[in-house]
Amino acid sequence: MAESWKGASNDNKDKIQNLIAARKSLKLSLEKSKSLGLALGKAGPRLDEINQRLPSLEASVRPIRADKDALVAVGGHINRAVGPAAAVLKVFDAVHGLEKSLLSDPRHDLPGYLSVLKRLEEALKFLGENCGLAVQWLEDIVEYLEDNSVADEKYLSNLKKCLRELQNDDERSRLDGGLLEGEFRRLLAEHSVPLEMSSSSADEQAAAIAPSQLPVAVIQKLQAILGRLIANNRLEKCISIYVEVRSSNVRSSLQALNLDYLEISIAEFNDVQSIEGYIAQWGKHLEFAVKHLFEAEYKLCNDVFERIGLDVWMGCFAKIAAQAGILAFLQFGKTVTESKNDPIKLLKLLDIFASLNKLRLDFNRLFGGAACAEIQNLTRDLIKSVIDGAAEIFWELLVQVELQRKIPPPADGGVPRPVTFVTEYCNKLLGDDYKPILTHVLHIHRSWKHEKFQDKLLVKEMLSIIKAIELNLETWMKSYEDNTLSNFFAMNNHYHLYKHLKGTKLGEILGDSWLREHEQYKDYYAAIFLRDSWGKLPSHLSREGRATARDLVKKRLKTFNEAFDEMYNKQSNWVVPDRDLREKTSQLIVQSVVPVYRSYMQNYGPLVEQEGNSSSKYAKYSVQSLEQMLSSLFLPKPGRYGSFKVNRRVSDKFDNGVPALHRAASAIV
């Protein structure tokens, strides 16, 4: 048994030794596996790096693999591109050498700056002409390399991208011109000075003042700058700068004239008369602007841009004129033509036409080019509106006078305002100031209709208007219920026609016989008026019968006083507008009444004076007071009558149901 146990013990020892050996072997294997894993981990990035380098290595060895003939031909292509490319690089170096001079301020040495700029332009011109050739040769090389697989695709792609950028970058061969444009603006601004003119003296100065031209040296500098900038396609920018500076200068010159009225609209005024003063200013201001300001700009545009061409400087001038305010002047005139029709508007339209016609040659010369088409269209439209409007109002005058027939005559027996208005108005139209203009306007208006106009048509129309006035007077005379007032009215109006037309253009047309006829009518109706009114008073102071009887004297004085008071009260509201006629009429009345009254009171006054306190009932008036009362008759009421020259306010159109002529005359205050 002992031997058996001993043998078993030895077997166990062997097994343990084997286990220990196996453990060591496994441990060693694990360590080797770990080392191998670490080695594999380090080999991964190296493999990636090798993988990334393979394409470049492949590209590097590609020429070796390429066809031998293709490799030989590459050298020829490269040699052909080297010449132009080298020349281009040399010019680029020269351009960089000019950089410092080009960045300096041109005002310090403009000729030197322009000289450097010219060299730059020559260099840019060379680059523009030769860069294309160099690029073309390079493109040939890239195409050859690509077709023959001589170069790497990525390398070829980068080359193509660079060549496209060279072809598309136009600005590299173009001059910026910023500094020169700044110098162009500075020269203009420093020598563009508005006129020093106050609004109060604008009218007087307009005829004498003309803005000074730019100095010759400045014009020469501007032309030199233009020459350089035009070569680099910067002309439009120069024109923009020029128009901005010079139009602003013209506007500044016009500001002193207070031209705010040019912006007025139809809604802002009732009628032409409310802006009469503006229309008068408009003509003077337009003449000043055209003959002095725009004339100066026209000449200056020609001086500065003459070397470039007519179309350029005319276009430049057109923009200056439009931006400086000529369009506003024309629009104001158009606004006047669109206002309500009335007789005064005709005069204002003729004023506008006269102003435009006076400037006709200037307009044709300054604004006759194609560039001024907008100004031409507005001017033509304005002239047509003025002529059409003036002709319409003129030919409507007779109708308006005839419409007055329906209006009641004045209750005071005076001269109706329409009669005063029309006679003065017709004389104005026939005067030296308006007749030539009106004739011209009517002639043009008829010619548009292919009709002839003769001066006798104007005269005929005026005679028709006066005839209509005469018919109106006859109608008004018959409309009075009081015959005395009717005769008084006739005396006033026949004298008005005689006196106020004698020695006038209209009076000359009507003739001396016509004038004498109305003078005779005046005398006739004056005599009837005196006979039927004041001429009846002396009969109440008759000396027939027992003239010395106190009661009879008292009765006759009482009757006289009652008749006198009634007549005086009635006629105290009557009016004789003309001073000479009024004084003469009063004198005739005094001569008719006062001498008889004086004689009667001298002879019989003492009889009633003995009555004491009651004597005043019969001896009511002294000779002096009676004469004073009669001499004060027929005075016009303050503000009742006036002259044609006084401002009027009219707002009625001819076709609105209320005769505008009557309203125009009624507005005389």
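Trainee: What should I know about the model and its numbering before we start?
Mentor: It is a predicted model, where local features need pLDDT of at least 70, side-chain atom pairs count only at pLDDT 80 or more, and totals for chains, interfaces and linings use all residues. Residues are numbered from 1 along each chain as its sequence is written, and side-chain values use heavy atoms, with hydrogens and water left out.

Trainee: How many aromatic pairs are there in the whole structure?
Mentor: The search finds 27. Rings of Phe, Tyr and Trp (its six-membered ring) pair if their centres lie within 6.5 Å; planes under 30 degrees apart count as stacked, over 60 as edge-to-face and the rest as tilted.

Trainee: Which kind of pair do Phe294 and Phe367 make, and why?
Mentor: Edge-to-face, because their planes are at 75°, with the ring centres 6.3 Å apart. Phe294 is in helix H9 (residues 276-305), while Phe367 is in the loop between helix H13 (360-366) and helix H14 (373-403), so the pair links parts of the chain 73 residues apart. Helices here are DSSP runs (H or I, at least four residues), numbered from the N terminus.

Trainee: Are those two buried or exposed?
Mentor: Phe294 counts as buried at 0% relative accessibility, and Phe367 does too at 2%. Buried means under 20% relative accessible area, exposed over 50% and partly exposed in between, with a 1.4 Å probe and protein chains only.

Trainee: What about Tyr480 and Phe489?
Mentor: That pair is tilted, at 5.3 Å centre to centre and 55° between the planes. Tyr480 and Phe489 are buried.

Trainee: Back to Phe294: which aromatic cluster is it in?
Mentor: One formed by Phe294, Tyr298, Trp313, Phe317, Phe363 and Phe367. The charged end of Arg365 sits over the Tyr298 ring, 5.9 Å from its centre. That term requires NZ of Lys or CZ of Arg within 6 Å of the ring centre and within 35 degrees of the ring normal.

Trainee: Switching to helices. How do H16 and H17 cross?
Mentor: The axes of H16 (residues 435-448) and H17 (residues 455-479) come within 10 Å and cross at roughly 110°. Axes are lines fitted to C-alpha atoms over the stretch in contact, with angles from 0 to 180 degrees between N-to-C directions. H16 and H17 are therefore roughly perpendicular. Angles under 35 degrees count as roughly parallel, over 145 as roughly antiparallel, 65 to 115 as roughly perpendicular and the rest as oblique.

Trainee: And H15 with H17?
Mentor: H15 (residues 417-430) packs on H17 at about 170°, with the axes 11 Å apart. That makes H15 and H17 roughly antiparallel. The contact (heavy atoms within 4.5 Å) includes Cys426, Leu429 and Leu430 of H15 and Met462 of H17.

Trainee: What else does Met462 touch?
Mentor: Leaving out residues up to four places away in sequence, Met462 touches Phe394, Cys426, Leu429, Leu430 and Leu506. Met462 counts as buried, at 0% relative accessibility. Leu398 is 64 residues from Met462 in sequence and 8.4 Å away in space, C-alpha to C-alpha.

Trainee: Which loop holds His450, and what is its phi?
Mentor: His450 is in the loop between H16 and H17, and its phi is positive, near 60°, in a residue other than glycine. His450 is exposed, with a relative accessible area of 78%.

Trainee: And Phe634?
Mentor: Phe634 has a positive phi of about 70° although it is not a glycine. Phe634 lies in the loop between helix H23 (623-631) and helix H24 (660-666), and is buried, with a relative accessible area of 1%.

Definitions and conventions: Helices (H or I, at least four residues) and strands (E, at least two) are DSSP runs, numbered from the N terminus.
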